[in-house]
Amino acid sequence: MRLLKLVPDHTNVDFMRWRNLAVIVSSLMTIAALSYSAYRGFNMGVDFVGGQMIRVSFAQPINVEQLRSRVDQLHLGEASIQEFGGPKTYQIRLPKPPGGDAAANIAATKTKAMVTADYPGARIDSVESVSGKVSEELAENGAMAIIFAMIGISIYIWIRFEWQFGVGALITIAHDVSMILGFFAFSRLQVDLNVVAAFLTVVGYSLNDTVVIYDRIRENLRKYRKMAILPLLNLSLNETLARTVVTSLTVLIALAVLMVVGPEVIFGLSLAIFLGVVVGTYSSIYVSTPVLVWLGVTPDSFVKSEPVATPGVEKA
Amino acid sequence: MLDFPRWKVLSIWAIVLIGILFSIPSLLPPSARQHWPSFLPHSTISLGLDLAGGSHLLLEADLQDLTKQRLQTMEDTVTSEMGRGDPTIAVSDVSTSGGRISFLVTDPTQVDAAVERMRSVTQGVGLTGTRDWDVGVVDLNRIVLTPTNSGTQEALKNAMTVARDVVRRRIDPGGTKEITVITEGSDRILVQVPGVENPEELKRLIGQTARLEFKLVDLAADPQQVQQGRAPAGSQVLPMADGAGSMAVKRRVMVSGDQLESARQGFDQDGRPTVDIKFNADGARRFGRVTQENVNKPFAIILDDKILSAPNINEPILGGNAQISGGFTVQSANELAISLASGKLPVKLNVIEERTVGPDLGADSIHKGVVASLIGTAGVILFMLITYGRFGVYANIALVVNGFLILGIMAVFNATLTLPGIAGFVLTIGAAVDANVLINERIREEHRRGRKIIDSVETGYREAMHAIYDANVTHVISAALMAYFGSGPVRGFAVVLLIGVVTSVFTAVFFTRMLVALWLRNKRPKALPI
């Protein structure tokens, strides 16, 4: 059987040739994504701003405007109604009422009563009601987890490799996270707890590629002491390219299936991870690797710290 | 590489078989589970509320309510302590404003005695010698009682312990349902009830403090003053539950819900729903005595500081049975009966987070999740097969074994599978082969450089290990943080990812290495099909 080789043997792409262009593009994109996120904000779900969200499956397709006016008649503040997963499924978002927790309860109850009375056969799929206090805590915890993950992984890379690699990892994660933030700000997809889980996964997975490439760079730095840094980085990238492509594809296959046939509730989570894998694959080549050049990684970077290990490595 | 001792082969197979064995009960439909032999493992993965359907409620103690209650109790204590003979201490201007109690001792020579009496009723907290109230004197004869921080914390702790039990009894009077009621932090209770049809009823049951009190109506009160909310000393003005005005009642509690033996929903002679209560021996005695002394006077039945009704005492009620009416429906009478029977909540609880998922949506999610897992696995398997041939087959066997191992480990720890957990599972399938991709690519590379077959395989596994190790640690860091900071469903996602990292290293590295070694040893291939 002839096996599929997406990356032919002896591939030799001069990745580093475009590194300046790539860095300019990446920096501009990162700045654009962050400023757009800051300017436009996110479509935060009830998890992070409080309020209620009710998901309803109707027996037959309904007139959205009619539903909207019926919800408005309940005078529960500015409601938002969105289709969710199909023409018969809708999600009704209600803002946090000023009257506190008891009022929130009443708002959800009223809405449910209206739906069951006006739309026979409608099914209340889920109700989420989050108070302002809890939503603040959830948002804070989510942000903390992402920041700690970024720092924790960078410190780990620093300990396992060298400080330049730790900094490179941190910049890479920051780049990837900014991109996805920008995407969520742009697409207006709802940011909920699941999306935070996706961000953390992206932090882990985007680093997966980077670590594999860093690992090869370290190996080659020890092996080819006389090689200049740019050809060495190119060599390492090419040697790991087949693996980068195959692994990214398997993960993307699994995620694409999840997005297409999986449960609607976790579509946002799957999409965020899917994008994270795409962005992470790009950044492991064009963000994490060029950074090492500016931070001055040379073959000596490893010799100094591990003088004992060097002879064995040279022999291999 | 070929040196793969028999004990290693056996132990790897043993781990794989045990893992599969543990995963099977979770995969069987409930009906088939009964036929599963009892000597085999039978713990299963539990489904999160987002898959099984049910309600998740986070309740928070109302600290203001607790503080108010403590002040009231202390105020009563002040009155009774000072009113005790030998000799009584005359006090005036008792106030609870500003979150503390202060009162004037009329006779300045009695100030020290009053302080002494108040000190004796405060209680020590913990081992540090702190009391639950600070007793101080200002302006020579004014005594001020301030609740201490540790006293408040202690009171909260005690209240939460009681509240947790009360909540459990209210939701599940029979003690038969699989519900979760746990305290979180210092002032919260997490309630999870699977398969609940009506979360509103649940919230009503928990939302009611159910403090039932019987007090005499103060007939001497001036109706005009009562309307303005003012009551004579020793009395208080309380609103009627139906909103029709208010009434002055004596502060002294005749008998309270603490002295109940049982409460049931019943009907009065006109067929209207009521709550029938029965006092315990002590309560019955007190109720009998007070009704005897107050025949032909009205008394008020008060629930959570609202007057339900104020019937007249026609004759002494001696048997300890009473009937509460007050415009109930059968359902609300039933709910009140359950609440009364389970005891009053020591502190008011507010619902600060609710997540309810209908059983249909949950079943739909499971179905779609399973389909996605199967198609995703099939896609990855096909891709690995056409990319790596024989080595892809090994990776695929490892992948399937990995799936079983994840389920098996989750079942052993009785872990909860949530909807994001399904995503974690599918993602793990995609990522688990990464170790094999690293190994196989490295083998290809080493072989291309001219190494012999066995040498290539050996070097491939050895060199790939560094990258596999580092890459997996990054996953562990992010998944561990997710498990630590995340709540419910997200934690379920993190748990699956964490387990997946561990099992995938085992299957992708040790298990495939064994398969490859056995093949190389038995077949001695002339070419490397990779």
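In the predicted model, Glu128(A) has Arg355(B) as its bridge partner in strand E20 of chain B. In general, strands of a sheet pair through backbone hydrogen bonds, in either a parallel or an antiparallel arrangement.

The contact between the chains involves 62 residues of chain A and 62 residues of chain B. On the side of chain A that touches chain B, the elements giving two or more residues are strand E5 (123–130) and the helices H4 (100–118), H5 (132–160), H7 (193–223), H8 (229–261) and H9 (267–286) of chain A. Of these, H8(A) gives the most, with 14 residues. By residue class, the side of chain A that touches chain B divides into 37 nonpolar, 15 polar and 10 charged residues.

Within chain A, E5(A) also pairs with strand E2 of chain A, and the two run antiparallel, joined by 7 bridges. In this pairing Val56(A) stands opposite Ile124(A) of E5(A). E2(A) covers residues 51–57 and is mostly covered, with 6 of its 7 residues buried. Strand E4 of chain A, residues 89–94, is likewise joined to E2(A), by 6 bridges and in the antiparallel sense. Here Arg55(A) stands opposite Gln91(A) in E4(A).

Chain A contains 12 helices and 6 strands. The chain is divided into domain 1, made of residues 15–44 and 135–315, and domain 2, made of residues 51–130. The centres of domain 1 and domain 2 of chain A, taken over C-alpha atoms, are separated by 40 Å. The C-alpha atoms of chain A fill a box of roughly 80 × 50 × 30 Å along the principal axes. The radius of gyration of chain A is 25 Å, whereas a compact globule of 316 residues would have a value near 20 Å. Of the 316 residues in chain A, 47% are buried. Among the contacts in chain A with a separation of 6 or more, 76% are between residues 24 or more positions apart.

Phe165(A) lies in helix H6 of chain A, which runs over residues 163–187. Phe165(A) is classed as buried because 26 other C-beta atoms lie within 10 Å, where the cut-off for burial is 20 or more. Leaving out residues up to four places away in sequence, Phe165(A) touches Ile157(A), Trp158(A) and Tyr214(A). Gly77(A), by comparison, is 88 residues from Phe165(A) in sequence and 51 Å from Phe165(A) in space, C-alpha to C-alpha.

Chain B comprises 15 helices and 21 strands. The domain assignment of chain B gives domain 1 (6–53 + 358–523), domain 2 (64–152) and domain 3 (159–355). Between the C-alpha centres of domain 2 and domain 3 of chain B the distance is 29 Å. The C-alpha trace of chain B spans about 110 × 60 × 40 Å along its principal axes. Buried residues account for 44% of the 530 residues in chain B. Of the contacts in chain B between residues at least 6 apart in sequence, 68% join residues at least 24 apart.

One sheet of chain B was followed strand by strand. The sheet is open and has 3 strands in the order E15-E16-E19 (chain B), with antiparallel pairing. Strand E15 (260–267) and strand E19 (321–324) of chain B are the edge strands, each pairing on one side only. From one strand to the next, the twist averages 25°. Strand E16 of chain B, residues 273–279, is joined to E19(B) by 4 bridges, and these two strands run antiparallel. Across this pairing, Ile277(B) stands opposite Ala322(B) in E19(B). Helix H10 of chain B, residues 330–341, packs on the sheet and touches E15 and E16 of chain B. The direction of H10(B) makes about 175° with that of E15(B).

Terms used: Residues are numbered from 1 along each chain as its sequence is written. Chains are lettered from A and ligands numbered from 1 in the order in which they are written. This is a predicted model: local features need pLDDT of at least 70, side-chain atom pairs count only at pLDDT 80 or more; totals for chains, interfaces and linings use all residues. A residue is buried if 20 or more other C-beta atoms lie within 10 Å of its own, exposed if 12 or fewer, and partly exposed in between; C-beta atoms are placed from the backbone. Two residues are in contact if their C-beta atoms, placed from the backbone, lie within 7 Å. Ala, Val, Leu, Ile, Met, Phe, Trp, Tyr, Cys and Pro count as nonpolar, Asp, Glu, Lys and Arg as charged, and the others, Gly among them, as polar. Two strands pair if DSSP finds at least two bridges between them. Axes are lines fitted to C-alpha atoms, for helices over the stretch in contact, and angles run from 0 to 180 degrees between N-to-C directions. Domain bounds come from an automatic or database domain assignment. The radius of gyration is taken over C-alpha atoms; the globule rule is 2.2 Å times the number of residues to the power 0.38.
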